[in-house]
Amino acid sequence: MNKIKIGIIGTGFIGNVHGRIYSRDPRTEIAALYDIVPERAEATSKTIGGKVCSSREELLENCDAVLVCAPNKTHKEIALHAIAEEKHVFCEKPFSIGIADATELRDAANKGSCVFQVGHNRRYAPAYVQLKHLLQSDKPHSAHVKMNRGELVNPIWTGDVNVTGGFLYETTIHLFDMMRFQFGEIEELVAYGSQHEYPELDEFSLIFKFKNGFHCTFASSSDASWHFPFERIEVFCHHRTIMTEEMERLLDSRGMDANFETHTWHMTEKEERWGYVQEDRAFINSILDAIPPPVTADDGFKSVELVESVYEAIRSGERIRFE
Ligand SMILES: NC(=O)c1ccc[n+]([C@@H]2O[C@H](COP(=O)([O-])OP(=O)(O)OC[C@H]3O[C@@H](n4cnc5c(N)ncnc54)[C@H](O)[C@@H]3O)[C@@H](O)[C@H]2O)c1
């Protein structure tokens, strides 16, 4: 069997994470790398191999599947280019920025015959897989979700709204997608936001109501320190709380006393604990078995729609309803 040739666009932090994983997968080979800073692609090539390309065109001529790992604002243009060249695409989150771009990219991805997967890695993290498993047998009533960051400094573009699209696109979008994965489709939301540390809205308090009657509160801060756990989901069921702490731990407390069971993944390697290994495997499975990827362009679109709806709710002071 011919190996699937992987091309990576943007060989920074996450491009190297995926690159390392695919360099160990016997079904793939790292074929091509492109970064607007050529030294970065050269450094990556030294560790995992791959031809260092001097343009996106050259990269696309040398691969079957493209990983879009450049900063947020570039995703739409790069992904559209790869789709037009009939490449399979793995697009890092966020899917794109703004409803117009997200619609254009979703429609192009859905028209093409190649696989298009969005990098919402947390869906594959064992802690969140376990949470979903537990919620299959116990109907959740409500939840409190938190998704914080310590700073918008590292990498430096995370504080530039013209590159990220805003803090919600950079960070919070991970658990916006997670809410749909765990609890279903959203019917209505109320949002408050304010600006303190950075020149954009950087602090959020939100309430979501779901089509199935479930509801939750959601807090997100850009400058909360990296206090553990920076992300957490507390779900309340019938005499039961299930709580995740980042992707390290899940605590499950049942009944009328204070007993709880702890599941922990602290000994699992980070690439797997955070779901990167599993999402990369799923992308190749989709290509080889011609099956839809677990996180589609439609999912990517919905996470962008949620981000935009929260910003709109804050701007207008109105609650937003989804049909
Ligand atoms: N799923 C996750 O957990 C996760 C984690 C980190 C980053 N991300 C996402 O991945 C993307 C990259 O983030 P990062 O932390 O790796 O950033 P980074 O700054 O470490 O790397 C980005 C790289 O892209 C290069 N680049 C910039 N514009 C380019 C272009 N037009 N063409 C080719 N290369 C270009 C830069 O030179 C840099 O080397 C972002 O969209 C981010 O939101 C996702």
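Before I sort the shell, I need the classes: Ala, Val, Leu, Ile, Met, Phe, Trp, Tyr, Cys and Pro count as nonpolar, Asp, Glu, Lys and Arg count as charged, and the others, Gly among them, count as polar. I also keep in mind that this is a predicted model.

**Entry 1: the shell.** I looked up who surrounds the ligand and found 25 residues, with Asp35, Arg40, Asn72, Trp157 and Tyr276 as the closest. Then I sorted the shell by class, and it came out as 12 nonpolar, eight polar and five charged residues.

Entry 2: I then checked the cover, and the protein hides 88% of the 850 Å² of accessible area that the ligand has on its own.

**Entry 3: the site.** I asked which pocket the ligand takes up, and the space turned out to be the largest pocket. Helix H1 (13–23) and helix H8 (167–183) are the elements that give two or more residues to the shell. I looked at domains next. Domain 1 (4–121 + 276–296) and domain 2 (123–267 + 304–321) each supply at least three residues to the shell.

**Entry 4: the backbone.** A reminder to myself: most residues other than glycine have a negative phi, and most peptide bonds are trans. With that in mind, I noted the exceptions here.

- Lysine 93 and proline 94 are joined by a cis peptide bond, with omega near -10°. I placed proline 94 in the loop between strand S5 (88–92) and helix H5 (99–111).
- The bond from phenylalanine 228 to proline 229 is cis, and its omega is about -10°. Proline 229 sits in the loop between strand S10 (215–221) and strand S11 (231–237).
- Serine 225 has a positive phi, near 75°, although it is not a glycine. I found serine 225 in the loop between S10 and S11.

Terms used: Residues numbered from 1 in each chain as written. Predicted model: local features only at pLDDT ≥ 70, side-chain atom pairs only at ≥ 80, totals over all residues. Heavy atoms only, no water. Near = heavy atom within 4 Å. Areas by Shrake-Rupley, 256 points an atom, 1.4 Å probe, with all protein chains shown as cover. 1 Å grid on protein atoms, 1.4 Å probe; cavity = no way out; pocket = protein on both sides within 12 Å on 5 of 7 lines; lining within 4 Å. Sits in = over half its atoms within 2 Å of the grid points. Helix = DSSP H or I, 4+ residues; strand = E, 2+ residues; numbered from the N terminus. Domains from an automatic or database assignment.
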